[in-house]
Each structure stands twice: as C-alpha cells, then as structure tokens.
Amino acid sequence: MSQKHNPDQLAVFDNNIRARIEGIRQSERCLWCKNPNHPLKAKGLCSHCYRWDNAQRKLFQEVSRLPAKTARDPYAEVRRQLKIANEAIDLCKIEGEVLEDILDRTDSRSLERAFDALSKRILGGKRGSQLFDQNTSYFYDFSEMQRIWLRHLIGMLLEEMNRKSRHKRAFSSWLHKRNAAADAGAPAK
Ligand SMILES: [Zn+2]
C-alpha cells in the first residue's frame, strides 16, 4: 500500500529524526565504539570494548616480561596475540568515529557505499558488489535527515556484525599490514 506524504508531514519526520539524533548525541555511549545500544561496563567502555581493553592489558604485561626477540622466537604467538588485540581496539575506535561522523552529515554517495558494504558482508564481495553499483541517483530525493538516519541504521547493522567477528577482522587487518610491510621491504612488525 503506497502512501503519499505532504511537505508538512515530511518536515515532522525530519524533526523526529533530528530529535533522535540529538538523543543519541546526549546519551552515555562507549568511548571507543560509540554504539548507543550497549550499556557501559567500566572505564567508559561497553562490555565488548572493555573485554578487548582487558585482553590487551594482560597481553601487554605478559609481552613486556619476555626476553628479547630471537630469530626462532618461542613467544611469537603471544606477541602476535598482542598485535591482534591492538588491531581490534583500533577497529573499535575507527568504527566509533564513523558512527559519529554519520550523525553530522551523509551524502547520497556515502549512503550508496554503505548499502554496498552491507550487501558485500551478506552476499560476499563478488555477488554483493553487483547490487548497488551506480544507483546513487535514487537517494537524491531523500531529505538530508532521512539519508543520515538510513546511513546510521546501516552503520549500526555493520557494527553489530563487526562485533561478532572482531577477532577474525583484527587478524585479517594485522596480516594485511604485515604483508604490505614485507612487500615494501620494511622489517615485519
Ligand atoms: Zn564499545
């Protein structure tokens, strides 16, 4: 059933979204991931970020007590786990910045990119990328507020998925950086 809205109703929708966004900005949110739906655990962090903070601190203490690295490092695994924890924390913070930026502004291009990212996560890179290519024009008719809210909802969906696969994503990110450094001839970090 289709329903036409007059300009007055659209203005009401925009105002409702504005109020929701203001509510999010004023709510107590995790310092790192900025997710408004997860209560704070300790240190201003949600339970997800707090777990990583805890893991990182323990691994850091463990690694700082280790002897200097040798060619055949028997402690390679614990050193690697620390790097993955660092990477996971960076990802939490980056996602928080993205969620925060969305609330300021979202143009139709970044809305398309968000749909693209979502479809790739659900369908895989190859099939997912075919769905949202070059469809930006459909988003021009949305008001700025509607674009922001849509982008926010997609951002929240993506972040919930990222939380579940944090370790895997942090590992891939670490591996990617390590290989890039090796290709550039820099010593592996
Ligand atoms: Zn968090």
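Let's start with helix H3, residues 76-104, and helix H6, residues 144-164, whose axes come within 9 Å and cross at roughly 165°. Helices here are DSSP runs of H or I with at least four residues, strands are runs of E with at least two, and both are numbered from the N terminus. The axes are lines fitted to C-alpha atoms, for helices over the stretch in contact, and angles run from 0 to 180 degrees between N-to-C directions. That crossing makes H3 roughly antiparallel to H6; angles over 145 degrees get that label, those under 35 count as roughly parallel, 65 to 115 as roughly perpendicular, and the rest as oblique.

Before I go on, please remember that this is a predicted model, where local features need pLDDT of at least 70, side-chain atom pairs count only at pLDDT 80 or more, and totals for chains, interfaces and linings use all residues. Residues are numbered from 1 along each chain as its sequence is written.

Back to our pair: H3 passes H6 in a left-handed crossing, meaning the near helix is turned anticlockwise from the far one by less than a right angle, while clockwise would be right-handed. Which residues of H3 make the contact? They are Glu95, Val98, Leu99, Ile102 and Leu103, and on H6 the partners are Ile148, Arg151, His152, Gly155, Glu159 and Asn162. By contact I mean C-beta atoms, placed from the backbone, that lie within 7 Å.

Now let's zoom out. How many helices and strands does the protein have? There are seven helices and two strands, running α-β-β-α-α-α-α-α-α from the N terminus. The radius of gyration is 21 Å, well over the 16 Å that the globule rule gives for 189 residues, so the protein is more spread out than a compact globule. That radius is taken over C-alpha atoms, and the rule is 2.2 Å times the number of residues to the power 0.38. Along the principal axes, the C-alpha atoms fill a box of roughly 70 × 40 × 25 Å.

Of the 189 residues, 17% count as buried, which means 20 or more other C-beta atoms, placed from the backbone, within 10 Å of a residue's own; 12 or fewer is exposed, and in between is partly exposed.

Lys34 has a positive phi of about 60° although it is not a glycine, and Lys43 has one of about 55°. Lys34 is found in the loop between helix H1 (7-26) and strand E1 (40-42), whereas Lys43 is in the loop between E1 and strand E2 (45-46). Are they buried or exposed? Lys34 counts as buried because it has 25 C-beta neighbours inside 10 Å, while Lys43, with 12 other C-beta atoms within 10 Å, is exposed.

Definitions and conventions. Contact = placed C-beta atoms within 7 Å.
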